[in-house]
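Subject: Structure handover

Hello,

Here is the structure I promised to pass on. Please have a look at it first; my notes on what turned up follow below.

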Amino acid sequence: MGMRSPHLLHLYSHPAPSPSSLLEPEGRVATRGRPVARVWGMQGWRLGWCLFLEWARREEEQAEGDGVLAGWPGRAREKTAPPVVGLGTLGPGLQPGMADSAETRKLVYLVTGGCGFLGEHVVRMLLQREPRLSELRVFDLHLGAWLEELKTGPVQVTAIQGDVTQAHEVAAAVAGAHVVIHTAGLVDVFGRASPETIYEVNVQGTKNVIEACVQTGTRFLVYTSSMEVVGPNIKRHPFYRGNEDTPYEAIHRHPYPCSKAQAERLVLEANGREVHGGLSLVTCALRPTGIYGEGHQIMRDFYHQGLRLGGRLFRAIPASVEHGRVYVGNVAWMHVLVAQELEQRAALMGGQVYYCYDESPYKSYEDFNMEFLGPCGLRLVDTRLLVPYWLLMLLATLNALLQWLLRPLLLYAPLLNPYTLAVANTTFTVSTNKAQRHFGYKPLFSWEDSRTRTIRWVKAMEGSAP
Ligand SMILES: NC(=O)C1=CN([C@@H]2O[C@H](COP(=O)(O)OP(=O)(O)OC[C@H]3O[C@@H](n4cnc5c(N)ncnc54)[C@H](O)[C@@H]3O)[C@@H](O)[C@H]2O)C=CC1
Ligand SMILES: C[C@H](CCCC(C)(C)O)[C@H]1CC[C@H]2[C@@H]3[C@H](O)CC4=CC(=O)CC[C@]4(C)[C@H]3CC[C@]12C
C-alpha cells in the first residue's frame, strides 16, 4: 500500500522547481541499519516566494476555469465546495484576504508516514491550507522523490528518513515541532508482515511518538486511527450508519485492527499528560473508513487485475453489503482542520475520536470501486450464483494455508483471505456529524469532485484501457 504512483505527481499544482543547487543539506538524523538519514531543507527565499505566491494566487483566481481539476481545490472550485467553517480555520492572527507573510508563518508541523498514500495528501493539504506553517517535517521510512518539488515554496520542507520504531529518531524529528500528525503505520491485512512487526510499528511506534512529544514539549498530537479499531468484529456484526457513540462489540484477532486499537487507546490516554515545559498534551484520533483516491494501491491492483482479465472483474461480495469509504482529500483535510483547531478547542476535542466521513455513497466495496473503474472501461460480472460465500471462504482458507506452507520459500499474499473476505462481506458504514459539531468540519471535496479526481488518476495510470 505504500507504493507511490508517478501519476500522482502531476495531479497537484506546485511552484516551479528550483535549481537543485538551492537544496542544501541541513542536518542529519542517525538511523539503525541504514545509511545515515538525510535531512534536507531550504531556508530563505521566503519573502520573495510569499509575494510571488500572492501574485500567483490572484492570477489563478482570474484565470481558473471551472472544468479543469488540475490541482488541489483552487478558489474557483471552492465555489462548489462548501465553505470552510470553524473559528480557527485560518488560525489566530491570520484573517481571510490577508497577504501571506513571513511573520504569520511560525508553526512547525511533523507528519509521520508523510510519504504514504494518506500522508502525501496530508503534506500537500498542509502546504495549501495551513497559512501559519513555517516548517513542514516529513518523516518516513521511505522518502518519495516528489518531496523535492515541494522544497521550492515559502515553507521549509524537511524530509527526514526515519523509523518510528526507533525512539531516538522519532525524538529528534519531534523536537521543536508544534504539532505532530502521526499517520505512519503498517497497513497489512494480507499477511505480508509478521504480527510482531505490525505491533512494533503500529503500537511501539505510536508509543515513541507520544513519549517524544512529552519529552520535547510538543503539545498537539493528531493520530490516524481506523474504523478497524471498532469493526467489523470477529462475529461479523453489522455496523449500519453508526456513529462514535454507537455501541458495538469491538473484538478482534487480526494483528492490524488489534494494533490500531491499542495505539488509539495509548493516544487517547496520553491526552492531558504534562509535557516538557509544564503544559499539557492534547491528543485526538481520527478513524477513516476505507480510504480511496489518487494513489490508492488496492484500487490500482483491482484495475490491473481487470485489464488482465479482459476488462472484467468478478463480483465476490453481495451488492447489499455496505462498506464505508471516504475520499483521501477529505481525510487529509480533516487532519489539517483538527490540527488547526486543537489548541483553541482543547477542552472539547482533547482525548476524542472522530470518524472520517464525507458524501461518498454507501455501497458494497466492489460496486463502489466500479464508480471509478467502470468509466475506465472495466465491468463487474455478476457471479454470485456461481461462487457462493461458502466456496469463497474455502478458497480464502486455502489461501491462508498456502501462505503458511509457502512462507519458508516465498511470500504468498493474495487479496483474498478469511480476514479480508469477512471485512468486505460485513456491512460497516458510519453516519455522524461529530466532526462538524466539534470543529466545523465539512468535506472539502464533493462526491462529484472526489469521483472525478479518482477517475482521472486511474485513467492516467500506465497500461490504462484506451
Ligand atoms: N488505507 C486505508 O484505507 C486506511 C488507512 N488508515 C490508516 O492511515 C494511515 C496511513 O495509511 P495508508 O496511507 O493507507 O498506508 P501507506 O502504507 O500508504 O502509508 C503508511 C506510511 O507509513 C510509512 N511507514 C511504515 N512503517 C514505518 C516506520 N517504521 N517508520 C516510519 N514510517 C513508516 C510507510 O513507509 C508509508 O509511507 C495508517 O496509519 C493506517 O492505519 C486508516 C483507515 C483506512
Ligand atoms: C482487499 C479487500 C477487498 C477484496 C475482497 C475480495 C478478495 C473478496 O474481492 C478490501 C475490502 C475492505 C478493505 C479494508 C477496509 O476498507 C478497511 C480498512 C481499513 C484500514 O485501516 C486499512 C485497510 C482496510 C483494512 C481495507 C483493506 C482492504 C480490504 C480488506
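Let me start with Thr158, which lies in strand β5 (residues 156-161). Helices (H or I, at least four residues) and strands (E, at least two) are DSSP runs, numbered from the N terminus. Thr158 is buried, at 4% relative accessible area. Buried means under 20% relative accessible area, exposed over 50%, and partly exposed in between (1.4 Å probe, protein chains only). The side chain of Thr158 makes a polar contact of 2.8 Å with that of Glu135. Another, of 3.1 Å, joins the side chains of Thr158 and Gln156. A polar contact is a pair of N or O atoms within 3.5 Å; within protein, one must be able to donate a hydrogen and the other to accept it, and residues adjacent in sequence count only if both atoms are side-chain atoms.

Some ground rules. This is a predicted model, where local features need pLDDT of at least 70, side-chain atom pairs count only at pLDDT 80 or more, and totals for chains, interfaces and linings use all residues. Residues are numbered from 1 along each chain as its sequence is written, chains are lettered from A and ligands numbered from 1 in the order in which they are written, and side-chain values use heavy atoms, with hydrogens and water left out.

Now ligand 1. It has 27 residues around it, and the closest are Leu118, Asp140, Asp163, Tyr256 and Lys260. A residue is near a molecule or strand if one of its heavy atoms lies within 4 Å of it. A polar side-chain atom of Tyr256 is 2.6 Å from an oxygen atom of ligand 1. A backbone N or O atom of Ile291 lies 3.0 Å from an oxygen atom of ligand 1. The protein covers 92% of the 820 Å² of accessible area that ligand 1 has on its own. Accessible areas come from the Shrake-Rupley method with a 1.4 Å probe; for residues, only the protein chains shown count as cover. Elements giving two or more residues to this shell are α4 (117-129), α8 (255-269) and β10.

Ligand 2 is surrounded by 19 residues, and the closest are Ser226, Glu228, Tyr256, Gly290 and His323. The side chain of Ser226 has an N or O atom 2.7 Å from an oxygen atom of ligand 2. For Tyr256, that side-chain distance is 2.6 Å. A polar side-chain atom of His323 lies 2.9 Å from an oxygen atom of ligand 2. α14 gives the most to the shell, with four residues.

Last, the rings. Rings of Phe, Tyr and Trp (its six-membered ring) pair if their centres lie within 6.5 Å; planes under 30 degrees apart count as stacked, over 60 as edge-to-face and the rest as tilted. The count is 15 aromatic pairs. Phe239 and Tyr248 form an edge-to-face pair, 5.4 Å centre to centre with 85° between the planes. Tyr292 and Phe368 have ring centres 4.8 Å apart and planes at 70°, so this pair is edge-to-face. Tyr292 lies in strand β10 (residues 290-292) and Phe368 in helix α12 (residues 365-373), so the pair ties together parts 76 residues apart in sequence. Tyr292 is buried, at 0% relative accessibility. Phe368 is buried too, at 0%. Ring pairs link Tyr292, Tyr327, Phe368, Phe372, Phe445 and Trp447 into a cluster.

Best wishes
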